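Here is a predicted model to look through. The questions ask what lies behind each term.

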Amino acid sequence: MQFPFLSVIVFTPLVAALIILMLPARRKDLVRSVALAAATLDLILSAWVYLTYLLQGLDGYQFVEQYSWLPTLGISLHFGVDGMSTPLILLTGIVMFTGVLISWGEERNGVSAGIQDRPREFFAFLFILASGVFGVFASLDLFMLFFFYEIAVFPMYLLIVIWGWVVTREYAAMKLTLYLFVGSVISLVGALAMVWTAYQNTGVLSFDLLHLEQAGFSAEFQRLWFLPVFLGFAVLGGIWPFHNWSPDGHVAAPTAVSMFHAGVLMKLGAFAALRVGIMLMPQGAKEWSWLILGLATVNVVYGAFIAFVQTDFKYVIGFSSVSHMGLVMMGFATLSREGLLGAGLQMFSHGVMTALFFAVVGMVYDRAHTRHIPDLGGFAKVMPYPAIGFIIGGLVSMGMPGFSGFIAEFPIFMGVWKTQWLIAVIAAVSIVVTASYILIIVRRVFFGEASEVLLHHHVGDVTPLDKLAIVTLCAFMVGLGLFPGLMAPMVGRGVDYILHLLGGA
Amino acid sequence: MTTETILWLIPLPPLLAFFLIVLFTNRWRGLSHSLAIGAAFLSWLGSMAVFVRAVGTHELGRHPFTQSIPWLPTADTWLRIGVYLDPLGAAVLFFVAWTILMIFIYSVGYHNYGQPQGDHDVKGLPPHGATVKDAHGHAHKVPSVEPMYSRFFAFISLFAFGMYLLVVSDNLLTLFVGWEIMGLCSYLLIGFWYGKPSARDAAVKAFMTTRIGDVFMLLGIAFLYSATGSLSFATIFREDVLHTLASVPTPILGLSAAGLISLLLFIGTVGKSAQWPLHVWLPDAMEGPTPVSAMIHAATMVSAGVYAVIRMFPLLRLDAGTMSIVAFIGAFTALFAATIAVAQNDIKRVLAYSTISQLGYMIAAAGIGAYVAAAFHLITHAFFKALLFLGSGSVIHGMEHGVLHTGEHIDPQNMFNMGGLRKKMPITFWTFLIGGFALAGFPLVTAGFWSKDEILADAFGHGHLAVFLTLAVAAFLTAFYTMRQITLTFLGEPRTKAAEHAQETPWTMTLPLIVLAIFAVAYGWVGIPEHFPILGGVVPNWFHEFVGSTLSEMPEAAPFNWVPLLTSLLVSLGGLGLGWWVYRGVRTVEEDKFQIPVLKNKWYFDEAYTFLFVRPSYWFAEKVVYLALDKGLIDGVLHTIGRSAAVIGTALRTYIDKAIINETIGDGTAKVVKSSGAELRPIQSGRLQQYMVASLLAFLLITALLYYFLVLA
């Protein structure tokens, strides 16, 4: 039997969380070391899975494992990854690893960076969340997908309420949790409807996604159920007008949680919307794609404009995520090869990029104690790594060639142009606006006149672990930008499968 | 090595140099510049090699050198990246390689290599000079070395990489990649002295303005790809593909698909080559160090825009509507920018506007179908404009030397602080004079004359009279402001002490000037029209034959006519003469009659754009999208839902839950039980007789009922 890579990846954080909870609370560095070890293990394993998939030129679902769980209801623990989900597994590994690195932080005269308050509980919750995220990306069983989905959402509330930004944490945590639960409940109803109808159609009661793909849902059924299922999940992807939890949530969350949240969790929503919505109900997707395309376009332009006028550093990034996730949904909505390919790449690229952004914002905030952009300035001198990291991330977000953002956005725009050129023109406005807000921040925060804050607080440089996190994230963005062949063919094969389900559209 | 292999290798050395400098050699100045110049030299060598081979290849236009590999998978195939060299590419590569190499060498001297570190120099600001003691113990100030010396060479290496990549690429995608890399480098280099707020603003302005053009270009590329399924030049320019594109209508402006695509791509050029209405960034770009200005204005960025238009010419010419727009924008820009140049006092700003104006010539030439003339002027202009910028940098450098020496607080870039520099800086003077005369189109001996004359001849010969007249007036103004510049800077007597103490610059700066000056003269001779009186036919019109063969059918040279030639002679000599005559005695800026406010303020375009675009977009983003929509409507709805939920909840609790449900089911049930219990208590008296009576009555009742239902019914 093959080594059960996926189960190990999924359950490592959970086991680590339990171990961490048993450690003495005083031994903060021990807690952190265990966390880092677990995160490193997961990164290596996910990189292994990714490289195996890439180098062997695999196709379809691989690393499949299946364990019977509740046979009477047709529920099993069924794991497997394809060209779409493998990059996301890697992404989660990266974000988990870097998230632990930047949470390590330091505590010295006036600076309290990273997580210094109860790191034991923090890492335990964070890792439960990570398990859930890995689980969703790897699940081939609808029930398990929901199960992991809720596991991923639930610790978020505690993480934000306990470790979040004092001013808005209760409001934001509540808002976020309500939105996401309501969304998932709506999807769940749709999912149950699917399972039941599939039972009636085929006589087999099963939550298996591969089974449901072949269930032959009627056009009528798909028309009715596609929207609730897709939108229910897309709430977590930040689709307009259900995006509102996300900037508030990102801002209130502690740094590592924001990284997870914008970097991975939003992909979870988009991925589930694709996996359950589009792939199980392709007819419905075709029927409603115009609406999704419309909403996503609003996301793209709208998010960019709002980001442009924010004065809170973290809100800028929060709204930029709304804008960039819109590109993912736009790509989905084209239902074309280019669009889906771009969307797949954008999920990875945006995940890494936004994780980096939030990490940098956190580093600045921990040292400056403010995120008000006009009060910041001159940080390039004292913390060059975050500055360069932010610039690289900014170039990714502007879609600059040579960085991962370009190879993701370019196919999306081509796909959208083919589908509806006017939408492409409207969405293109966001490119200009994005460039402006990124440049405004770079100019103001990093290269502007040294601010009062900077001079007054004796702000120091970030820790070596922070630098390692920045370098890791940047390496992926630049590497993918220069050699899209490292990911695009894999995603392309995942897209082929989706197109096959869509009937070669 | 095959030509294709060399083509692949040409862009790489500068990229490698960039990484090496940034990662490893940042600390060692000499090593850094050696790496950068070495890389530029390798690229130059490669370019010359392929150029020579290209010239020696028969029918290169039909069978260009090309090779490609897959890069990004899309639809059914991969988007390929590759290299491509046809006669046009070879000609462009030639000037790019020369100018880049010269600018690199020049930068060593410009940034004061070998000078001491400055007393108070900080990163992000230009060097302020260092105090040194001479043999006698007298302290005096000398120029100090640039604090971010290595970084500069890293950035311009990346810039060079972008340009080489753009020129050798075989498709629009890689062209766009190079294009964007240059946009990024222009941002980094214009804002090189980021300690100056004006430099930061200029960098952002340049990036944003060109970015607006780029977005249109990207859309054009997307359109082209969805229409043809390919971005490679070889495929797009196939007869059948062009034919299809020309015949597909679009809903916009009645243009064909070909017309709309080329219009979108052209807007990219408008941004990159600073054509009206996206010209506003170029003059501000003067905030960067002077070699950067030369890079942007001659060797790379703005030339790239014109190159793209010439490259896409087979597509562009399919639609007469687009051609007219292109011709109009070009001609208008040529004249409009020339008027502004007349009233500028900063030596670099004059040149900046002259660049905009000259680019307008090229664009206009492309718009009237003068393919070869546009390419010719692109190349000659690159040489003499690089020369002029480097020359102006040399002047400023010499002036700064004087400023440091005398301690005067004057602007070393203002021409009204100069004068008489011809004696102090003879090499700079003579080379600048050659460059200036080339720009003004001084007859017969300068390259600028031949290329500009060809454009005018084409415009006249093919009946574009309006374009012809506009360009002629612009040419007159060009000659005029060029002579104004030369007169104010070099002729007459020094106006300040600093100018008296100006000093010739080191050989690393003057050598590039001399090399470029040779090209600014000699490059014209390769394109002398065949029917030109006396000179025509002495040297064959090699340029026309060579570059013309890029197109599937050789474009016809305009027939010789005396009208454009005489016009050309008249405006050039007239402008030069008038410029000298007006400014020969001008001592102060007050005596200058051409300081017209509207011209000085660049026709108020910056102000207008702030009013029309910048402020409204802030307003839109802030008030409409953020406050009204996001905070107002969506959050409003949300909070309303929240509040309504509270209201509904309270209502439910008060009026239904507590009042009805609780009363009937919850407490109600209990109350009923309780009260029933109370009501029923009297029954439970404890007297046996009473129970017996009750039992008997019950028994009788049940028996009666049973009898009734079972027997009677």
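Q: What makes helix α3 of chain A stand out in confidence?
A: Helix α3 (residues 85-104) of chain A has the highest mean pLDDT among the elements of chain A, 91. Helix α18 (residues 452-457) of chain A has the lowest, 69. Chain A averages 86, and 98% of the residues score at least 70.

Q: How do you know how α13 and α15 of chain A are placed to each other?
A: Axes are fitted to C-alpha atoms over the stretch in contact. For helix α13 (residues 337-368) of chain A and helix α15 (residues 384-397) of chain A, the angle is about 145° and the axes are 9 Å apart. Their crossing is left-handed.

Q: Which residues of α13(A) and α15(A) make the contact?
A: The cut-off is 7 Å between C-beta atoms placed from the backbone. Residues of the contact include A:Met353, A:Phe357 and A:Val360 of α13(A), and A:Gly389, A:Phe390 and A:Gly393 of α15(A).

Q: What makes up the side of chain A that touches chain B?
A: Here 36 residues of chain A are in contact with 34 residues of chain B. The elements giving two or more residues are α11 (282-309), α13, α16 (404-419), α17 (421-446) and α20 (488-501) of chain A. α17(A) gives the most, 10 residues. This side holds 27 nonpolar, five polar and four charged residues.

Methods: Residues are numbered from 1 along each chain as its sequence is written. Chains are lettered from A and ligands numbered from 1 in the order in which they are written. This is a predicted model: local features need pLDDT of at least 70, side-chain atom pairs count only at pLDDT 80 or more; totals for chains, interfaces and linings use all residues. pLDDT is the predictor's confidence in each residue, from 0 to 100. Helices (H or I, at least four residues) and strands (E, at least two) are DSSP runs, numbered from the N terminus. Axes are lines fitted to C-alpha atoms, for helices over the stretch in contact, and angles run from 0 to 180 degrees between N-to-C directions. A crossing is left-handed if the near helix is turned anticlockwise from the far one by less than a right angle, and right-handed if clockwise. Two residues are in contact if their C-beta atoms, placed from the backbone, lie within 7 Å. Ala, Val, Leu, Ile, Met, Phe, Trp, Tyr, Cys and Pro count as nonpolar, Asp, Glu, Lys and Arg as charged, and the others, Gly among them, as polar.
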